[in-house]
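The sequence and structure come first, and the description follows.

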Number of protein chains: 2
Amino acid sequence: MIVLEGGLKQKPMVYRIQEFAALAGVTIRALHHYDRLGLLKPSGCSNAGYRLYRDCDLARLEQIVVLKFLGLPLKQIGRLLKRESPLADTLRRQQLVLAEKRQQLDAAIVAIAHAERSMQSGREPDWDAFKKIVREIEMQNNTEWGRKYYSAEAQAKLAELKKKQPWTPELQAQVTKDWTTLLADVEAALGEDPADPKAQALAARWRKLVDGFTGGDPEIQKGLNRMWADKANWPKGDAKRFQINPAVQEFIVKAMKASS
Amino acid sequence: MIVLEGGLKQKPMVYRIQEFAALAGVTIRALHHYDRLGLLKPSGCSNAGYRLYRDCDLARLEQIVVLKFLGLPLKQIGRLLKRESPLADTLRRQQLVLAEKRQQLDAAIVAIAHAERSMQSGREPDWDAFKKIVREIEMQNNTEWGRKYYSAEAQAKLAELKKKQPWTPELQAQVTKDWTTLLADVEAALGEDPADPKAQALAARWRKLVDGFTGGDPEIQKGLNRMWADKANWPKGDAKRFQINPAVQEFIVKAMKASS
DNA sequence: CTTGACCCTCACGTTGCGTCAGGTCCGATG
DNA sequence: CATCGGACCTGACGCAACGTGAGGGTCAAG
């Protein structure tokens, strides 16, 4: 049973937690949470330890609520409120994130609609058709995070390549295997002279694998180079899977130079 | 460094976990997880305790991936795969959920765009404007879950009412207070005769508060009745806030009848 | 002096895995 | 034959943003 404290103390206008929570449309527990995270410390405190909030706290809380509504994590909101990171940049990034999420959502909605149609006739839905949709979208996400490294031209060319050669998991497995064997072979040849025919053969295999992705296009190649140069900033999940021995990399670079 | 097992054993086509995970585009850890949840038990097991997967497992996993893509929680996916709940219904519900999420996303995207425009000129964004947007959407969500109880006509009338009388948190506080005091007063009068003038006065107050929400419209009233009749199925978070003493409810019903 | 509404601080539960840590198993090599 | 590197195993903790009690003070009214 909720009994609100109706007492209007006009002057300092302090609120106890329940009143304050109702005012902003959040729960008491959320306020506790924000307090412990340091996001919103109440500006006052009764001698019994009660949290006492004022109008200035309300303004801050409303900012928090808005930023949360935009999908920002609380840690970032904290940095924003402490002016440790610029609002404008954060919003721009978040806009991209949300746009991507929206695409996923739309795809899912379309997929469900498709499923319901295919189920009206037959009892079982068309699992195979979905598989393709899902793969399509997930592949798109994989490319999405690296998109910024490529010029508009390179992106268009990549899209064309993808049409001609769809990126199946079988192909993925094959390519992964090719790369790992090549990397192992190069590692075994680290002692050789980069100009040696053996090293040159390795460099040639390397070039062929890269061309398998770039299609031999120099624009795409430039984007790829930018991407690897920025390896430090990759999403951590992906960075691990593409760890590569620096010595190997250096060896190949030398071999490439020697052949040109 | 990843070294794939290239051995193609054509006949039974068993996969070890890494190979299988790559095939479906999920992580090994996810497979462990699904195994423990009972979502996908590998159909085989080597004598060393290695999980061994076959093509039938792949089909099941792909279904899991698709359903996960549609935003379904793993528990529900489990029930669906065990045929404990019907796929068609679940998909229909999920479609609504996704549509709602999409609205939120769109609102957030629009809000960010709005913010960037308002920041280009002035340094600070227009916090007040957002507050309204966010409240609008969150209020909408509050009404969304109860929408199913109202006829199309009632929904239209509710929308009109909301325009004439926007639902501010101040109003919310006032209404909450009115209800709680009324409930307390009724509880204190439980011993009285429902036909007594005192009880009738309480019933009148009750009617006035209800009319404050329905606008006196009988269509809306009917929807409200349906909603309370289905109280058991409310979202648990909300159900708790509207707990009401059954004796009080009974008393008011009797008083209403006595006055008619 | 006792309710009862309100407040406090732990502290565990949730969802879907990521990420070690510590140990086993297997094929290839010295 | 021993051993080394990969792949595999089973716990078990971590994360995000709170929800949900448990157990116990505070304060005004009766």
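## Sheet in chain A

In this predicted model, A:Gly44 stands opposite A:Leu52, a residue of E3(A). The two strands concerned, E2(A) and strand E3 (residues 51–53) of chain A, run antiparallel and are joined by two bridges.

These strands belong to an open sheet of three strands in chain A, ordered E1-E3-E2 with antiparallel pairing. Its edges are strand E1 (15–16) and strand E2 (44–45) of chain A, each of which pairs on one side only.

## Sheet in chain B

Chain B has an open sheet of three strands as well, again in the order E1-E3-E2 and with antiparallel pairing.

E2(B) is joined by two bridges to strand E3 (residues 51–53) of chain B, and the two run antiparallel. One bridge pair here consists of B:Cys45 and B:Arg51, the latter in E3(B).

## Extent of the interface

How many residues of each chain are in contact with the other? The contact involves 52 residues of chain A and 51 residues of chain B. Between the two chains an area of about 4800 Å² is buried, and carbon and sulfur atoms give 73% of this area. Of the area that chain A buries against chain B, 15% comes from A:Phe69, A:Ile112 and A:Trp127, more than from any other three residues.

## Polar and charged links

Six salt bridges are counted between chain A and chain B. One of them links the side chains of A:Lys131 and B:Glu62, with an N to O distance of 3.6 Å. Three residue pairs, both residues at pLDDT 80 or more, are in polar contact between chain A and chain B.

## Elements on the chain A side

Which elements of chain A give two or more residues to the side that touches chain B? They are helix H1 (17–24), helix H3 (55–69), helix H5 (87–121), helix H6 (127–144) and helix H8 (169–188). The contribution of H5(A) is the most, at 22 residues.

Sorted by class, the side of chain A that touches chain B comprises 33 nonpolar, eight polar and eleven charged residues.

How values were computed:
Residues are numbered from 1 along each chain as its sequence is written. Chains are lettered from A and ligands numbered from 1 in the order in which they are written. This is a predicted model: local features need pLDDT of at least 70, side-chain atom pairs count only at pLDDT 80 or more; totals for chains, interfaces and linings use all residues. Side-chain values use heavy atoms; hydrogens and water are left out. Contact means heavy atoms within 4.5 Å. Buried area is the accessible area (1.4 Å probe) that two parts lose on being put together, summed over both. A salt bridge is a side-chain nitrogen of Lys or Arg within 4 Å of a carboxyl oxygen of Asp or Glu. A polar contact is a pair of N or O atoms within 3.5 Å; within protein, one must be able to donate a hydrogen and the other to accept it, and residues adjacent in sequence count only if both atoms are side-chain atoms. Helices (H or I, at least four residues) and strands (E, at least two) are DSSP runs, numbered from the N terminus. Ala, Val, Leu, Ile, Met, Phe, Trp, Tyr, Cys and Pro count as nonpolar, Asp, Glu, Lys and Arg as charged, and the others, Gly among them, as polar. Two strands pair if DSSP finds at least two bridges between them.
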